[in-house]
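Hello,

Here is the structure for your files. My notes follow below it.

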Amino acid sequence: MSDFAFDIDYYQICKNGKHVCGDAFMTSRSSDGRIITVLSDGLGSGVKANILSTMTAKMALKFVDANWDVKKYCEVISSVLPICKERGLNYSTFTILDLSPDGQVHIFEQGNPSFLFVRGGRIIEPEARKSVEDYHGLSITTTSLSLLREDRIIFFSDGISQAGTGTPDFPNGWGRNGAADLALKVINRNPQVSSLKICETIIREARIKDGPINPKDDITCAAVYLRTPRRVMIFSGPPFNKSLDGKYAKELASFDGEKVICGGTTAKIVARELGLEVRPDLNSSSRFGPPTSLLDGIDLVTEGVLTLSQTLAALQNHTAPQSESGAYKLYYTLLENDYINIVAGTRINDAYQDPDFPNQFVLRRSVLEGIARVLREKYFKDVRVKLV
């Protein structure tokens with residue numbers, strides 16, 4: 001288990017009136033453990049821009065994974081996506097981060113606003129940034145950094161920097177500096193804020209800058225945060241052997257990290273074994289799903305399979321559930337932790353013996369395995385599932 005973890009996430013919204021985003025954000029893990037992430041911005045908006053940005057991002061992921069020389073893959077990209085003759089602009093811009101497990105990062109930028117490097121609560125302009133080189137019409141800036149714990153890299157499409165363009169307050173746009181100032185305020189107010197939260201905050205502010213009809217362009221913000229690993233344990237479903245109820249209740253109670261229970265029966269077992277009482281959460285609402293409960297010493301108590309299923313769908317779509325739901329709380333809990341331990345009970349609940357009702361254990365196990373899979377593959381979390 002590493003003594004640091006990469007918190008990598010993004011937030012994105014479409015241009016007003018469009019249903020497809022012209023920006024693309026993609027991440028993959030190479031065979032040697034590097035994490036490669038690409039933010040690409042297609043010219044214009046809508047479907048055409050989406051196709052261009054997606055093509056660029058997919059090519060960049062493959063070329064960086066294969067350790068191609070930057071000049072070589074930029075030549076390929078420039079030949080596939082030529083310069084727009086009418087506007088004299090590249091059809092797609094990009095920012096690429098190549099992150100090594102030891103904290104080394106190589107950054108390649110073409111056309112997007114320059115990334116923000118945050119260290120010690122302030123913006124650092126890297127001295128290691130190399131001079132711009134021209135590859136068949138594409139001007140590429142390359143930067144190499146050695147990240148330290150608590151360092152952050154924030155990068156975005158020009159929908160952020162150009163937000164508010166033409167308005168009285170921001171005739172030339174909010175600018176990179178505007179986004180930088182907000183990022184520092186957020187980080188200095190909450191030094192452990194997650195990448196997702198900081199991206200959401202920057203984009204919300206960019207929308208405000210754009211005025212009442214917003215946003216005026218596709219907007220994507222992404223961030224990398226090198227942090228001390230955060231841990232969570234999720235206990236869902238009663239253990240197959242009732243004699244083990246106490247063991248797993250105490251294991252959850254003593255876990256060093258956040259503690260979550262998914263399932264009413266599971267919550268009652270833990271409460272009984274620890275001599276506690278499950279109480280309704282009066283601040284929770286059933287409007288968008290089953291309400292949450294309260295149990296001393298446990299950070300989150302939700303309903304079982306329905307909440308887990310809503311959370312799985314949200315993770316797959318990278319779209320938060322309704323804010324009043326248990327799935328919303330579970331979604332953010334999962335994304336804001338790095339090491340996720342899932343303890344799945346295999347006892348069939350006596351309440352579900354109706355032959356027309358799906359086998360609750362099979363359904364729960366399937367959903368939990370789906371959550372584990374998407375967390376590993378899409379969010380690069382370290383996930384362990386234990387059947388008990």
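At 1% relative accessibility, Phe155 is buried (buried means under 20% relative accessible area, exposed over 50%, partly exposed in between, with a 1.4 Å probe and protein chains only). Phe25 is buried too, at 14%.

The model is predicted, so local features need pLDDT of at least 70 and side-chain atom pairs count only at pLDDT 80 or more, while totals for chains, interfaces and linings use all residues. Residues are numbered from 1 along each chain as its sequence is written, and side-chain values use heavy atoms, without hydrogens and water.

Rings of Phe, Tyr and Trp (its six-membered ring) pair if their centres lie within 6.5 Å; planes under 30 degrees apart are stacked, over 60 edge-to-face and the rest tilted. The count is 6 aromatic pairs. In one of them, Phe25 and Phe155, the ring centres are 6.5 Å apart and the planes at 35°, so the pair is tilted. Phe25 is in strand β2 (residues 23-29) and Phe155 in strand β10 (residues 152-156), so the pair ties together parts 130 residues apart in sequence. Strands (E, at least two residues) and helices (H or I, at least four) are DSSP runs, numbered from the N terminus. Tyr10, Phe25 and Phe155 are linked into a cluster by ring pairs.

Two charges sit over rings (NZ of Lys or CZ of Arg within 6 Å of the ring centre and within 35 degrees of the ring normal). The charged end of Arg152 is over Tyr225, 3.6 Å from the ring centre, and that of Lys197 is over Tyr332, at 4.1 Å.

Regards
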